[in-house]
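Let's take a walk through this model, one spot at a time. Have the viewer open and follow along.

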Amino acid sequence: MTINKLCCTLAIGVIMCLGFADLIQAQDKLLDEVCLGCICEAISGCNQTSYCADGVCGPFRITWAYWADGGKLILNNESPQSEEAFANCVNDPHCAANTVQNYMNKFGQDCNGDGIVDCYDYASIHKLGGFGCKGELTQQYKTSLDECIKAHSNIDVRIL
Ligand SMILES: *[C@@H]1O[C@H](CO)[C@@H](O)[C@H](O)[C@H]1NC(C)=O
């Protein structure tokens, strides 16, 4: 349990650190490091093993269509037309995180109707898509997200 929790914290840490390393490709970054890390945690346990199955790849479990909507970001001057461009990008935590940011720039909205657009909305959009985000999330996804956000919300990432 303790080890599990530590691994989880480290995995989130990797994602959170991306936010600081990455001042390049940055346009408007709507999601803070906690939100990115917690979506990653909720959707895959933030599993950083390079992995594709059933059309989704990487720690954020991104589909080809999501990647395309997120601007078809690429690694290493690869052509976006190449067969591997999608999988290579979204299996890379950095490229995947930027894809999520771009996707939210396009589809960010108040899915749950509480009058604010926050991480709960972004997490719904991430899982259900830009046009389906008012739908139901699995209990497991909601619980995992909620616990993660609560556990990390006291960290002021700006002063780290
Ligand atoms: C991460 O994903 C890989 C590929 O699916 C899997 O083999 C591995 O067990 C996963 N690791 C964890 C910690 O869940």
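Where is the place of Gly130? Gly130 sits in the loop between helix H6 (119–128) and helix H7 (139–152); helices here are DSSP runs of H or I with at least four residues, numbered from the N terminus. A quick note before going on: this is a predicted model, where local features need pLDDT of at least 70, side-chain atom pairs count only at pLDDT 80 or more, and totals for chains, interfaces and linings use all residues. Residues are numbered from 1 along each chain as its sequence is written.

Gly130 counts as partly exposed because 16 other C-beta atoms lie within 10 Å; buried would take 20 or more within 10 Å, exposed 12 or fewer, with C-beta atoms placed from the backbone. Leaving out residues up to four places away in sequence, Gly130 touches Lys106, Phe107 and Ile125 (contact puts backbone-placed C-beta atoms within 7 Å). Asp69 is 61 residues away along the chain, and its C-alpha atom is 9.8 Å from that of Gly130.

Now follow the chain into H7, which packs with helix H2 (residues 33–44) at an angle of about 145°, the axes being 8 Å apart. Axes are lines fitted to C-alpha atoms over the stretch in contact, and angles run from 0 to 180 degrees between N-to-C directions. On the H2 side, Val34, Cys38, Glu41, Ala42 and Ile43 meet residues of H7, among them Tyr141, Leu145 and Cys148. By class, that contact has 8 nonpolar, 2 polar and 1 charged residues (Ala, Val, Leu, Ile, Met, Phe, Trp, Tyr, Cys and Pro are nonpolar, Asp, Glu, Lys and Arg charged, the others, Gly among them, polar).

Technical notes
Helices (H or I, at least four residues) and strands (E, at least two) are DSSP runs, numbered from the N terminus. Two residues are in contact if their C-beta atoms, placed from the backbone, lie within 7 Å.
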